[in-house]
Amino acid sequence: MEFVIVKFRKSRTVFIDGNEAGLTNETLRVNEGYHTFSLDGPADFNPQEQTIKILNTTEAGPQEVNFA
C-alpha cells in the first residue's frame, strides 16, 4: 500500500484513475504504480490531470501531488 496527499488551496474531491478517492489535503491510500489524479468542481486548477508513479511512500511520508 502506498500513500499520497493531493494538495490544492481549497477542499475538493480527488479522483484517482476516474474514481472518487477522498479529499484534497488529506492522506489517501493507493496501490503501487502509475495513477491519474484529477479534482472535482470548477476547472480552476492546473494541470487538469496528472499521471504519476507512486512508489516507496509511507503514511508519514506520502507522495505529494500538487494542483495550482
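**Entry 1. Ground rules.**
I number residues from 1 along each chain as its sequence is written, and my side-chain values use heavy atoms, with hydrogens and water left out. The model is predicted, so local features need pLDDT of at least 70 and side-chain atom pairs count only at pLDDT 80 or more, while totals for chains, interfaces and linings use all residues.

I looked up the strands, which are DSSP runs of E with at least two residues, numbered from the N terminus. Three strands form an open sheet in the order S4-S1-S7, and the pairing is mixed. Its edge strands are S4 (27-30) and S7 (63-66), each of which pairs on one side only. From one strand to the next the twist averages 35°; for this angle, axes are lines fitted to C-alpha atoms, and values run from 0 to 180 degrees between N-to-C directions. I count two strands as paired if DSSP finds at least two bridges between them. S1 and S4 have four bridges and run in the antiparallel sense.

**Entry 2. Glu2.**
Glu2 sits in strand S1, which covers residues 2-7. Its bridge partner in S4 is Val30. Is Glu2 buried or exposed? Glu2 is buried, and it has no salt bridge. I use buried for under 20% relative accessible area, exposed for over 50% and partly exposed for what lies in between, with a 1.4 Å probe and protein chains only. A salt bridge here is a side-chain nitrogen of Lys or Arg within 4 Å of a carboxyl oxygen of Asp or Glu. The nearest side chain of opposite charge to Glu2 is Lys53, 10 Å away; Lys and Arg count as positive, Asp and Glu as negative, and His and the chain ends are not counted.

What does the side chain of Glu2 make a polar contact with? The side chain of Thr57 is the partner, at 2.7 Å. A polar contact is a pair of N or O atoms within 3.5 Å; within protein, one must be able to donate a hydrogen and the other to accept it, and residues adjacent in sequence count only if both atoms are side-chain atoms. A polar atom of the Glu2 side chain also lies 3.1 Å from the backbone nitrogen of Asn56. Contact in the wider sense means heavy atoms within 4.5 Å. Leaving aside neighbours within four places in sequence, Glu2 is in contact with residues including Leu28, Arg29, Ile54 and Leu55.

**Entry 3. Thr27.**
Thr27 lies in strand S4 and is partly exposed, at a relative accessible area of 39%. Thr27 and Val6 are 21 residues apart in sequence, yet their C-alpha atoms are 7.7 Å apart. Not counting residues up to four places away in sequence, Thr27 touches Phe3, Val4, Ile5, Glu59 and Pro62.

Strands S2 (residues 13-16) and S3 (residues 19-23) pair in the antiparallel sense over four bridges. Ile16 has Asn19 as its bridge partner in S3. The two strands form a hairpin with two residues between them. Asp17, in the turn, has a positive phi of about 55° although it is not a glycine. Asp17 is partly exposed, at 39%. Asn25, in the loop between S3 and S4, is another non-glycine with a positive phi, about 65°. Asn25 is partly exposed, at 37%.

I also noted a cis peptide bond joining Asn46 and Pro47, with omega about -15°. Pro47 is in the loop between S5 (33-39) and S6 (50-54).

**Entry 4. Charged side chains around Asp44.**
How many salt bridges does the count come to? The count comes to four. Asp44 forms one with Arg9, the closest N and O atoms being 3.7 Å apart. Asp44 lies in the loop between S5 and S6 and Arg9 in the loop between S1 and S2, so the pair ties together parts 35 residues apart in sequence. Asp44 is partly exposed, at 30%, whereas Arg9 is exposed, at 56%.

Asp44 also meets Lys10 in a salt bridge, at 3.8 Å from N to O. Lys10 is partly exposed, at 40%. Arg12 forms a salt bridge with Asp44 at 2.7 Å, and Arg12 is buried, at 9% relative accessibility. Through shared partners, salt bridges join Arg9, Lys10, Arg12 and Asp44 into one network.
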